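Welcome! Here is a short briefing to read alongside the sequence and the 3D view.

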Amino acid sequence: MNIAEAKSKVVEKGFLDIELDVQMDLFAEIERLKKEKNAIVLAHYYVDGDIQDVADFLGDSLGLAQKAQSTNADMIVFAGVHFMAETAKILNPTKKVVLPDLKAGCSLADSAPAGLFKAFKEKHPDHLVISYINCTSDIKALSDIICTSSNAEAILNSLPKEQKIIFAPDKNLGGYLNKKTGRDMLLWSGACMVHQIFSLEKITKLKVRHPNAKVIAHPECEEAVLRIADFVGSTTQLLKYAVTDKTEEFIVATETGILHQMQKDAPYKTFIPAPPNNGCACNDCPYMKLNSIEKLYLCMEYETPEILMDEELRVAAKKPIDRMLEISRAAGLLG
Ligand code: 13P
Ligand code: SF4
């Protein structure tokens, strides 16, 4: 397919479908493009290891949002999923934001359609709306405060105990927070397809086989898994814990991409991916895995697919993100 044809099909396909010369040194080309275009590559821990290795910044949702806001680069290349790239555009609208594959969505974001959520919100006018950052910009615009798994507790602690709250879209994170903070937030019933399917039975068997291993889990996991976890935290918190804790063996209940960085930061430790209940040995996010080094190069070279937003929606979605960043800063959670 030639370039003009590939560009015309980008919305339909999600990415530039251009055959690359197999001899091409994509890593060197990406470095060249970073300099030539004053571009920064931001990556989430769930993308493939080779992409994590070329990233200028690797982080969790909060770290990535903060980096996207503060960068002076002209182009932000987001190796992650759509809501993350969209958050970058919301926070830093004068920059060009490109994503290797527009179809890199999120099942959690899909679980809260804006029309249904608006009707739900209208039934509870006395509730404040806190939404997890894994949601569309329409849901953000309907929210009072955004949170991530790194700062959700600090955000709740900044609010009066008697404040009525709707928490969306993740019922597992919401339930975990209700338990941890003693609140009774009204939960939207969404879930992440990756974290929802860890098998308690298989993790328990793994624990028997590895009696010294600690179980570490992301709060998007189901309650039964969180209950047996030795530590619960965002991807950055899991990484930090796995590297600094003196335990040498960990069963990791989150997307397997994080194991790349854990193994790099603590090569002498053993990290075992927690098995899901679908017959596979480990658990990949199909959306994060749509990112490839070829698509990363192509979106940098041709500056497409690009994230473009309606200005009114962007401004409305920015308000609750700004509130999140303000509270996180006051709580000392920003780097
Ligand atoms: P964090 O990176 O904030 O822990 O979120 C995990 C996740 O599911 C991202 O899609
Ligand atoms: Fe969404 Fe879950 Fe994939 Fe994260 S891991 S992007 S929450 S589907």
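In which sense do strand β5 and β6 pair, and over how many bridges? Strand β5 (residues 128–132) and β6 are paired in the parallel sense, over 3 bridges. Keep in mind that this is a predicted model, where local features need pLDDT of at least 70 and side-chain atom pairs count only at pLDDT 80 or more, while totals for chains, interfaces and linings use all residues. Residues are numbered from 1 along each chain as its sequence is written, chains are lettered from A and ligands numbered from 1 in the order in which they are written, and side-chain values use heavy atoms, leaving out hydrogens and water.

**The sheet**
- β5 and β6 belong to an open sheet of 4 strands, in the order β6-β5-β7-β8, with parallel pairing.
- At the edges are β6 (145–147) and β8 (186–187), and each of them pairs on one side only.
- Ile130 stands opposite Ile145 in β6.
- A strand here is a DSSP run of E with at least two residues, a helix is a run of H or I with at least four, and both are numbered from the N terminus; two strands pair if DSSP finds at least two bridges between them.
- Strands of a sheet pair through backbone hydrogen bonds.

**Ligand 1**
- Around ligand 1 there are 13 residues, and the closest are His44, Ser61, His218, Glu220 and Thr235 (near means a heavy atom within 4 Å).
- By class, this shell around ligand 1 has 4 nonpolar, 7 polar and 2 charged residues.
- An N or O atom in the side chain of His44 is 2.6 Å from an oxygen atom of ligand 1.
- For a polar side-chain atom of Glu220, the distance to an oxygen atom of ligand 1 is 3.0 Å.
- Taken alone, ligand 1 exposes 300 Å², and the protein buries 96% of that (areas by the Shrake-Rupley method with a 1.4 Å probe).

**Ligand 2**
- Among the residues around ligand 2 are Tyr46, Cys106, Asn134, Glu220 and Cys285.
- The shell around ligand 2 has 7 nonpolar, 2 polar and 1 charged residues.

- Most residues other than glycine have a negative phi, and most peptide bonds are trans.
- A cis peptide bond joins Ala168 and Pro169, with omega about -15°; Pro169 is in the loop between β7 (165–168) and α11 (171–181).
- Another cis peptide bond joins Thr304 and Pro305, with omega about 0°.
- Asn38 has a positive phi, near 45°, and is found in the loop between α3 (26–37) and β1 (39–44).

Key: Polar contact = N/O pair within 3.5 Å; in protein donor to acceptor, adjacent residues only side chain to side chain. Nonpolar A, V, L, I, M, F, W, Y, C, P; charged D, E, K, R; others polar.
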